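Please look at the sequence and the three-dimensional structure shown below.

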Amino acid sequence: MAVQLQMNFKNKLGSNFRINVDNALETLTDDKVKTAMETIISKNIFDTSGGELVEAVSASLVSTTEKEFAVK
């Protein structure tokens with residue numbers, strides 16, 4: 001099962017911007033994710049078409065399961 005952390009932000013123009021982190025730990029806490037998102041905003045390391053990131057909106061862990069079928 002693959003686990004991905006999806007962090008959603010607003011940029012300076014009010015547009016949504018998502019950062020996906022593959023192979024995220026399922027033991028992440030609210031505080032750890034909030035701190036990471038605040039650090040991303042304060043370091044201003046992502047350049048979006050709508051300007052710098054200015055607000056953390058939401059975050060979630062998304063788990064996916066893949067099953068292959070024998071079709072040949």
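The model is a predicted one.

Strand β1 covers residues 2–11, and strand β2 covers residues 16–22. The two strands run antiparallel and are joined by 7 bridges. One point of orientation is L5, which stands opposite V21 in β2. Together β1 and β2 form a hairpin, with 4 residues between them. In the turn of this hairpin, G14 has a positive phi of about 90°.

Within strand β1, residue Q6 deserves attention. Is Q6 buried or exposed? Its relative accessible area is 13%, and because buried means under 20%, Q6 counts as buried. The side chain of Q6 makes a polar contact with the side chain of Q4, at 3.0 Å. Leaving out residues up to four places away in sequence, Q6 touches R18, I19, N20, S58, A59, S60 and V62.

The next topic is the nonpolar core. In soluble globular proteins, nonpolar side chains tend to be buried together. Which residues make up the largest nonpolar core here? This core has 10 residues in all: V3, L5, M7, F9, I19, A24, V33, M37, I40 and L53. The elements that contribute two or more residues to it are β1 and α1. Strand β1 provides the largest share, 4 residues.

A pair of aromatic rings is described by the distance of the centres and the angle of the planes. The count for this model comes to 1 aromatic pair. F17 and F46 form this pair, with 6.3 Å from centre to centre and 50° between the planes, an arrangement classed as tilted. Because F17 lies in strand β2 and F46 in the loop between α1 and β3, the pair ties together parts that are 29 residues apart in sequence. F17 is partly exposed, at 25% relative accessibility, and F46 is also partly exposed, at 31%.

Most residues other than glycine have a negative phi. N23, although not a glycine, has a positive phi of about 55°. Where does N23 lie? Its place is in the loop between β2 and α1, the latter covering residues 30–43. N23 has a relative accessible area of 68% and is therefore exposed. N44 is likewise not a glycine, and its phi is positive at about 50°. This residue lies in the loop between α1 and β3, a strand that covers residues 53–64. With 41% relative accessibility, N44 counts as partly exposed.

M1 lies in the segment before β1 and counts as exposed, at 69% relative accessibility. Leaving aside neighbours within four places in sequence, M1 is in contact with E26, S63, T64 and T65. How many residues separate M1 and T39 in sequence? The two are 38 residues apart in sequence, and their C-alpha atoms are 28 Å apart in space.

Note on methods. Residues numbered from 1 in each chain as written. Predicted model: local features only at pLDDT ≥ 70, side-chain atom pairs only at ≥ 80, totals over all residues. Heavy atoms only, no water. Buried < 20%, exposed > 50% of the residue type's maximum accessible area, 1.4 Å probe, protein only. Polar contact = N/O pair within 3.5 Å; in protein donor to acceptor, adjacent residues only side chain to side chain. Contact = heavy atoms within 4.5 Å. Pairing = 2+ DSSP bridges. Core = buried A, V, L, I, M, F, W, Y, C linked by side-chain atoms within 4.5 Å. Phe/Tyr/Trp six-rings, centres within 6.5 Å; stacked < 30°, edge-to-face > 60°.
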